[in-house]
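Q: Could you walk me through how to read a structure like this one? I would like the general idea each time, then the case at hand.

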Amino acid sequence: MSMIDRLERRLNLTSDDSGPIRGTLSLGRIGMIWLAANLVVTTMLTGTLFVPSVSWGATIGLIVLGTVAGALVLITIGNIGTRTGLPTMALTRGAFGIRGSYLPVAANLIVLMGWSWVQAMLAGVTVDYLVHSWTGYSNPILFSVLSEIIVVILAIRGHEGIAKIEPWLAVIMLAIMGWIFFTIFSTFTPGDLNSLPAPAEEGMTGGLVFDVVFATAISWTVLSADINRTAKSPKSGMLGSGIGYIVSTVSAMALGATVFAYVLKRGDEAIAFDPGTVVSAFGAPIAIVIFFSVMATNTMVVFGMTTSLVNARAEGNMRFLPAALVLGLISILGSTFLGLLDSFTNFMILIGSFFVPVFAIMIVDYYFIARAAYSRDILRASSGAYWYSGGFNPIAICSWVVGAALSYALAYLWPSPIGATLPTFVVTFLLYLLLSYGRKNKNPIHQSHLAA
């Protein structure tokens with residue numbers, strides 16, 4: 001027995017994360033996983049970017065609107081995972097081809113690794129701020145690395161481990177967040193927070209706020225099928241992920257916007273997207289929320305990277321544990337590069353450019369072209385219905401290139417008043433639908449779930 005075999009047995013791990021699986025989790029379990037996952041420091045700190053350029057009341061309304069709109073994409077992609085048992089990046093074979101799917105898979109690994117580093121750094125900076133205020137000792141890199149080590153340990157437990165830990169983290173975080181909201185509104189009324197004057201310099205607009213909130217959902221959609229394929233039914237997956245994601249995102253972003261407005265209203269110094277601003281206002285309780293949120297979210301991120309790599313090649317034989325250990329080591333080393341925090345906005349734009357077109361194409365391909373039923377050829381390493389031309393679907397790849405170019409242009413060259421994410425999604429959706437018109441799904445199966 002090899003060392004990997006012994007470690008898998010010791011940890012009670014199985015290889016069920018490779019290939020299609022048949023889910024068993026209830027609506028409530030899926031909902032709690034998504035609830036805990038997006039009660040996250042990055043989502044909360046994103047809310048600090050909006051106020052006071054946009055009034056507090058308008059910000060809350062746009063957060064709700066953008067979250068619901070983005071959740072529709074997340075739920076739709078996640079439902080494909082529930083119906084087929086495959087993770088998100090394995091599903092790209094249906095539209096992009098067996099070999100063409102390597103392109104979004106590679107992009108996904110890069111983006112998720114970046115997310116993992118950012119999350120660990122924010123946890124490390126937050127813990128360091130708290131420890132320094134108590135003891136005078138400061139070492140943010142050390143705390144970032146320790147946070148990421150804990151995450152990797154949780155992630156190698158696979159989706160079963162996530163299902164066990166996430167609900168408890170959600171309960172803890174919601175209780176503390178409720179206390180923070182109570183404290184704020186015991187001091188100021190909503191009208192007080194809404195009366196903050198706009199800054200003299202030009203800042204965020206309402207359209208850009210919507211775009212950022214919508215893009216947040218897109219950044220999570222890379223993991224939607226990975227998690228929702230563990231649901232026992234499409235209803236459980238769709239309702240669970242929809243309710244969990246919407247509640248968590250609105251709560252976290254609204255908390256960030258509200259805490260930032262609270263700090264400004266008190267006349268204290270406030271720096272957007274800085275954990276120190278919110279920790280200085282509420283101390284240990286909000287630091288605990290930030291730390292637990294990183295544990296919950298980053299566990300899913302490392303798990304998502306691993307399932308993407310394990311399932312990258314159809315009929316592959318890569319095992320979950322070795323992949324998790326290698327990717328976990330890279331994520332631990334990368335968590336030391338704290339300078340990445342200064343490029344978070346550009347990182348979000350990168351995610352939009354990569355994945356908004358991908359998800360538009362996937363939705364068209366599965367629901368409109370394939371009539372909601374991929375064949376088992378999607379599990380083949382070559383030939384079959386999804387081989388297209390040498391393993392690539394040129395229509396999907398061209399549509400993706402056009403969508404990514406449009407996203408970049410609307411973000412940097414000709415800034416759109418409503419942002420780049422939603423227009424890019426609509427244009428790519430219509431383009432792929434038009435170019436694919438008349439293409440039939442080959443060898444469909446009536447049993448939509450691909451797991452044996």
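**Reading the model**

A: Start with T43. Its relative accessibility is 3%, so T43 counts as buried. The cut-off for buried is under 20%. Keep in mind that this model is predicted.

Q: Where is T43 found, and with which residues is T43 in contact beyond its neighbours within four places in sequence?

A: T43 is part of helix α3, residues 41-47. Setting aside neighbours within four places in sequence, its contacts are N38, T216, T249, A252 and M253.

Q: How many helices and strands does the protein chain have?

A: The count is 18 helices and zero strands.

Q: What percentage of the residues of the protein chain count as buried?

A: Of its 452 residues, 57% count as buried. Contacts can also be sorted by separation in sequence. Take those between residues at least 6 apart in sequence: 87% of them join residues at least 24 apart.

Q: How do I read a pair of packed helices? At what angle do the axes of α4 and α10 cross?

A: Read the angle, then the handedness, then the residues. Helix α4 covers residues 56-84 and helix α10 covers residues 206-221. Their axes cross at roughly 30 degrees and come within 8 Å. Angles under 35 degrees count as roughly parallel, and α4 and α10 are therefore roughly parallel to each other. Their crossing is right-handed.

Q: Which residues of α4 and α10 meet?

A: From α4 come L62, I63, L65, G66, T67, A69, G70, A71, V73, L74 and I77. From α10 come G206, V209, F210, V213, F214, A217, I218, W220 and T221. By class, this contact has 15 nonpolar residues, five polar and no charged ones.

Q: Now another pair. At what angle do α5 and α6 pack?

A: Helix α5 (residues 88-96) packs on helix α6 (residues 102-135) at about 150 degrees, and the axes are 8 Å apart. That angle makes α5 roughly antiparallel to α6, since the cut-off for this class is over 145. The crossing of α5 and α6 is right-handed. M89, T92 and F96 of α5 make the contact with P104, V105 and N108 of α6. Its classes are four nonpolar, two polar and no charged residues.

Q: Staying with α6, is L122 buried or exposed?

A: L122 lies in helix α6. Its relative accessibility is 1%, so L122 counts as buried. Compare separation in sequence with distance in space. L122 and S147 are 25 residues apart in sequence, and their C-alpha atoms are 9.7 Å apart.

Q: How do I check the span of a helix? What should α12 span?

A: Helix α12 (residues 234-265) has 32 residues, so at 1.5 Å a residue α12 should span 46 Å. Its end C-alpha atoms are 45 Å apart, which agrees. After α12 comes G267, with a positive phi near 85 degrees.

Q: How far does α17 reach, and which of its residues are buried?

A: Helix α17 (residues 394-413) has 20 residues. From first C-alpha to last, α17 reaches 27 Å, close to the 28 Å expected at 1.5 Å a residue. Its buried residues are A396, I397, S399, W400, G403, S407, A409 and L410.

Q: What about α18: what should its 15 residues span?

A: At 1.5 Å a residue, α18 (residues 421-435) should span 21 Å. The end C-alpha atoms of α18 are 21 Å apart, so the two values agree. Buried in α18 are T421, P423, T424, F425, T428, F429 and Y432.

Q: Which backbone values deserve a second look?

A: Most residues other than glycine have a negative phi, and most peptide bonds are trans. Look for departures from that pattern.

Q: Where is the cis peptide bond that involves P52?

A: The bond runs from V51 to P52, with omega near 5 degrees. P52 sits in the loop between α3 and α4.

Q: What is the phi of A372, and what is that of Y388?

A: A372 has a positive phi, near 60 degrees. A372 is in the loop between α16 (344-369) and α17. Y388 has a positive phi too, near 50 degrees. Y388 is found in the loop between α16 and α17. With a relative accessibility of 25%, Y388 counts as partly exposed.

Definitions and conventions. Residues numbered from 1 in each chain as written. Predicted model: local features only at pLDDT ≥ 70, side-chain atom pairs only at ≥ 80, totals over all residues. Heavy atoms only, no water. Axes fitted to C-alpha atoms, helices over the stretch in contact; angles between N-to-C directions. Helix = DSSP H or I, 4+ residues; strand = E, 2+ residues; numbered from the N terminus. Parallel < 35°, antiparallel > 145°, perpendicular 65-115°, else oblique. Left-handed = near helix turned anticlockwise from the far one by under 90°. Contact = heavy atoms within 4.5 Å. Nonpolar A, V, L, I, M, F, W, Y, C, P; charged D, E, K, R; others polar. Expected span 1.5 Å × (residues − 1). Buried < 20%, exposed > 50% of the residue type's maximum accessible area, 1.4 Å probe, protein only.
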